[in-house]
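Please look over the sequence and the structure shown below before reading further.

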Amino acid sequence: MGIYEISLATLVGINIILALGLNMISGFCGQISLGHAAFYGIGAYTAAFMAKAGAPFPAAVLAGMVLAGLVGLAVGLTSLRVRHDFLAITTMGVGFLFLGVVRQQEILGGELGVSGIPSPGLEKTGYMVLVLILAAFFTAFSLWIKRSWMGFAFEAVADDEDTARVLTVDVAACKLTAFAMGTAMAGVAGGLYASFARFIMPDDFGFITSITVLSMVAVGGIGSVFGVIISTVILTLMPEFFRFISDYKLLLYGALLFGVMRFAPEGLAGFTRAVRKAGIRSAGKKEAAG
Amino acid sequence: MLFFELFVQGLIHGSMYAMIAVGLTLVYGLLRILHVAHAGLFALGGYLGLLITNATGSLALAMITSALIVGLGGMLVYRLCYQPILDRPPYVPLIASIGVFIAMEEVFRLVFGPYGLTYNHPHLQSQVTLLGLNLRGAEIGMVITAMVLLGGLSYLAQNTRIGIAWRATVDDPEIAESFGIDAVKVRYLNFFIGSGLAAVGGIFISLLSNLVEPTMGGVPAYKALAIIVLGGLGNVKGTLVASLALGVVEAFGTIYIGSYLDRDAIAFAFLIAVLMIRPQGLFTGR
Amino acid sequence: MKPLLEVKNVTVRFGGVLALDDVSLEVRPGEFLSMIGPNGAGKTTLMRVVTGTVKPVSARIRLDGRDITMLPTHQRARLGLALTHQIVRPFRSMTLLDNVTLAAGHHRIGRVIRALTAVDRSAEREQARKYLELVGIAEAAEKSVLGRPLGVVKRLEVARALALEPKVLLLDEPLAGLNTAEAARLADTVAEINRGGLTVVMIEHNLGEVLRVSRRLAVLDNGRKIADGDPGAVMRDPAVRAAYLGKEYQDAAA
Ligand SMILES: Nc1ncnc2c1ncn2[C@@H]1O[C@H](COP(=O)(O)OP(=O)(O)OP(=O)(O)O)[C@@H](O)[C@H]1O
Ligand SMILES: [Mg+2]
């Protein structure tokens with residue numbers, strides 16, 4: 001593996017953690033967020049400053065995770081007040097608010113961002129392995145949550161929160177838990193990104209990033225852990241594959257988002273489900289014939 | 001004096017927001033879709049307006065032609081993007097719309113280049129002194145145009161057959177259809193008018209900054225989304241009030257708290273603050 | 001005997017409409033109370049005030065001696081109130097079995113940490129299947145809710161409510177949308193559960209079944225309670241005939 005492949009793999013791992021975090025909020029619990037990048041940013045900035053202040057790498061990432069989760073909890077409170085499209089726009093607002101604050105504060109580096117973030121003390125390969133291990137851990141964590149009773153309650157909230165309440169589900173607790181867990185994961189991803197890039201700026205965590213993460217979740221099939229992972233890998237690598245047409249890569253990206261929503265709105269997960277069903281049906285037919 | 005000047009600046013920006021946001025709220029009222037691609041149509045209006053003005057020297061011709069073309073473009077967006085996925089959960093059209101918007105921005109960049117275009121008629125940037133304030137001709141023109149167009153629209157909605165049909169459809173599509181109103185026609189009309197308005201708004205903002213660039217739709221579009229939520233999604237009057245209110249809040253905010261938050265952040269801080277107190281927006285929907 | 005569910009002075013306004021006007025109702029343990037009344041009388045609204053999904057102008061609600069007026073819906077449900085919806089509200093993304101399993105796991109989702117650490121659903125699934133059998137739709141257990149006929153989804157609502165193991169079962173027109181045989185069977189099932197000790201309040205338009213299974217009858221009309229007592233006596237009450245049956249008698253005569 002060359003340096004280039006190693007850094008791509010690291011980026012894929014970071015994006016998987018980021019996307020699985022959003023999948024927790026929007027996929028499992030049904031709360032659409034258009035501001036996920038803000039928590040990614042909170043994690044990155046926190047870790048960056050901690051590391052620059054001399055904190056060891058794990059402590060820096062942990063601090064990013066905790067702070068992102070706490071702010072996420074606060075933003076989760078808004079989801080108790082506003083629903084659906086109102087929530088989508090509110091979270092979009094949170095994203096812009098984050099950018100506005102960071103850009104305007106000289107202490108936070110302003111427009112220029114933060115540079116000179118210390119290295120995590122690992123070789124590039126070692127760091128990639130660490131990131132991939134964490135990605136695997138959060139994959140397992142997501143799968144566990146999905147199977148847990150909490151995940152079951154999330155599903156009910158995503159489907160119809162009023163009915164969930166009548167069935168004893170504490171909707172507020174579910175939403176707050178989902179927000180806290182999902183945004184903390186974004187914080188981890190941000191911390192890992194800061195130490196990986198060693199230079200961050202506000203635009204890394206802007207609206208486009210939020211949309212990119214949302215599309216990783218939606219293209220993968222909202223709520224499906226493996227779908228989200230596959231689409232994250234594809235969408236992270238796609239610009240690289242298409243470098244020979246780099247001028248068109250964003251155009252292609254937009255078209256892909258539209259195309260998937262238009263023709264396969266359940267994403268990759270829905271697609272494989274449909275294929276599997278068709279497979280079972282044709283197998284059934286064969287048996288019946290035989 | 002500063003107070004008055006800020007207030008006027010706020011209203012000027014507010015009337016620009018209104019021209020974009022009305023189209024968005026019309027779409028939301030009818031289809032429950034957050035129509036992000038509206039911003040692409042807004043930018044398209046800016047490009048067409050500038051190109052036609054530079055070619056013919058007539059701003060009026062540019063406005064009318066680009067409003068018509070962008071209006072038709074809006075109908076096309078409805079037909080191709082939204083109509084097939086109307087019955088899906090709301091995030092589906094939302095993401096599709098974002099995809100279309102990104103693609104449109106890219107097309108502008110590829111066709112017109114990544115750098116901005118400017119007007120080649122300096123007189124369009126002339127200044128006037130009014131009520132003791134130095135205002136640009138374009139600013140006054142924008143406020144007047146917004147008032148005329150939005151006033152005319154509300155007159156049509158109240159007093160014409162098609163306007164009444166439209167309001168009935170927004171109120172209750174099923175009942176409207178049972179009265180023989182063709183909901184599909186109403187939707188096309190909706191997209192035509194909303195997109196045409198956005199085009200005019202796009203031309204004015206390009207006049208104000210003397211710049212048309214691929215990403216010009218972005219920030220106004222996100223703010224317009226904030227505005228329609230503030231106004232109580234789907235509520236046209238609420239949207240107008242919210243547009244002006246946001247313009248004024250921004251004008252004052254940039255002066256007084258601009259060192260903590262930038263202009264966009266002020267707008268969204270205002271949005272979040274209002275929603276926490278009134279989760280349904282300033283006015284109740286529909 | 002002390003009432004199990006005590007509903008006092010409920011007044012509800014929707015904009016200009018006075019949907020309920022100072023209605024009170026007491027349900028004693030083990031009762032089978034049916035509530036009838038013309039369309040728009042306010043029956044559903046009363047139930048929704050009890051479960052806490054409609055905000056009343058005034059009301060006082062006690063369950064098993066405890067004042068629950070200020071509690072949110074999910075806590076009332078945890079204390080033992082289960083409601084079926086007149087207009088069905090199944091979780092459409094789930095199978096029938098999962099709909100009921102979630103309800104059967106009500107004791108599992110109360111604490112966040114416990115809910116996060118527990119994954120085993122087999123016991124609840126078992127129970128859920130039992131409830132589906134009880135209401136007679138077990139053969140569709142693994143199917144998605146989408147595409148099930150109304151009669152099946154109506155009974156799913158009942159199974160889900162039963163799975164909550166409530167103290168009071170509130171049924172809002174459970175028989176509507178079922179054919180005659182299905183309706184009779186479900187009414188029998190509910191009556192049998194009631195004989196087992198569960199307190200039942202049932203809103204229902206199907207008078208035949210109401211008179212067959214219930215032991216007490218309350219009548220709402222135009223936001224007011226106009227009668228309450230032994231079904232036979234209530235049906236003979238002239239006020240009830242005028243308000244409720246008058247229309248049907250006229251229809252029958254026509
Ligand atoms: N959410 C609401 N908003 C406004 N009005 C409502 C609402 N819910 C009920 N109403 C009105 O309150 C009154 C009582 O309605 P409710 O649904 O309780 O009647 P009901 O007795 O259950 O009737 P039905 O037998 O048709 O189910 C009606 O006039 C109804 O239109
Ligand atoms: Mg009812």
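Two protein donors hold the magnesium ion (ligand 2): C:Thr44 through OG1 and C:Gln86 through OE1, at 1.9 to 2.1 Å from the ion. Donors here are N, O and S atoms within 2.8 Å of the metal (3.2 Å for Na, K and Ca), and because water is not among the atoms, sites may look incomplete. The pair links distant parts of the chain, the two residues being 42 residues apart. C:Thr44 belongs to helix H1 (residues 43-51) of chain C, while C:Gln86 sits in the loop between strand S6 (81-84) and helix H3 (96-104) of chain C. Helices (H or I, at least four residues) and strands (E, at least two) are DSSP runs, numbered from the N terminus.

The model is predicted: local features need pLDDT of at least 70 and side-chain atom pairs count only at pLDDT 80 or more, whereas totals for chains, interfaces and linings use all residues. Residues are numbered from 1 along each chain as its sequence is written, chains are lettered from A and ligands numbered from 1 in the order in which they are written, and side-chain values use heavy atoms, with hydrogens and water left out.

C:Asn222 has a positive phi of about 55° although it is not a glycine. This residue lies in the loop between strand S9 (216-221) and strand S10 (224-229) of chain C. With 62% relative accessibility, C:Asn222 counts as exposed. Chain A holds another such residue: A:Thr168 has a positive phi of about 75° and is not a glycine. Its place is in the loop between helix H7 (161-166) and helix H8 (171-197) of chain A. At 1% relative accessibility, however, A:Thr168 counts as buried.

Chain A as a whole contains 12 helices and 2 strands. Followed along the sequence, its elements give the pattern α-α-α-α-β-α-α-α-α-β-α-α-α-α. Its C-alpha trace spans about 70 × 50 × 35 Å along the principal axes. A compact globule of 290 residues would have a radius of gyration near 19 Å, and the 20 Å of chain A agrees with this. The radius is taken over C-alpha atoms, and the globule rule is 2.2 Å times the number of residues to the power 0.38. Of the 290 residues of chain A, 57% count as buried. Where contacts in chain A join residues at least 6 apart in sequence, 80% of them join residues at least 24 apart; a contact means heavy atoms within 4.5 Å.

Chain B has 11 helices and 2 strands. From the N terminus, its elements run α-α-α-α-β-β-α-α-α-α-α-α-α. The C-alpha atoms of chain B fill a box of roughly 55 × 45 × 35 Å along the principal axes. For its 286 residues, a compact globule would have a radius of gyration near 19 Å, and the 18 Å of chain B agrees. Buried residues make up 54% of the 286 residues. Among the contacts in chain B with a separation of 6 or more, 77% are between residues 24 or more positions apart.

Which chains share the most contacts? Of the 2 pairs of chains in contact, that place falls to chains A and B. No contact joins chain B and chain C, and their closest C-alpha atoms lie 12 Å apart.

One residue of chain B illustrates how chains A and B meet. B:Leu110 lies in helix H4 (residues 91-112) of chain B. Leaving aside its neighbours within four places in sequence, B:Leu110 is in contact with A:Asp247, A:Tyr248 and A:Leu251. At 29% relative accessibility, B:Leu110 counts as partly exposed. B:Leu110 and B:Val128 are 18 residues apart in sequence, and their C-alpha atoms are 37 Å apart in space.

How values were computed
Buried means under 20% relative accessible area, exposed over 50%, partly exposed in between (1.4 Å probe, protein chains only).
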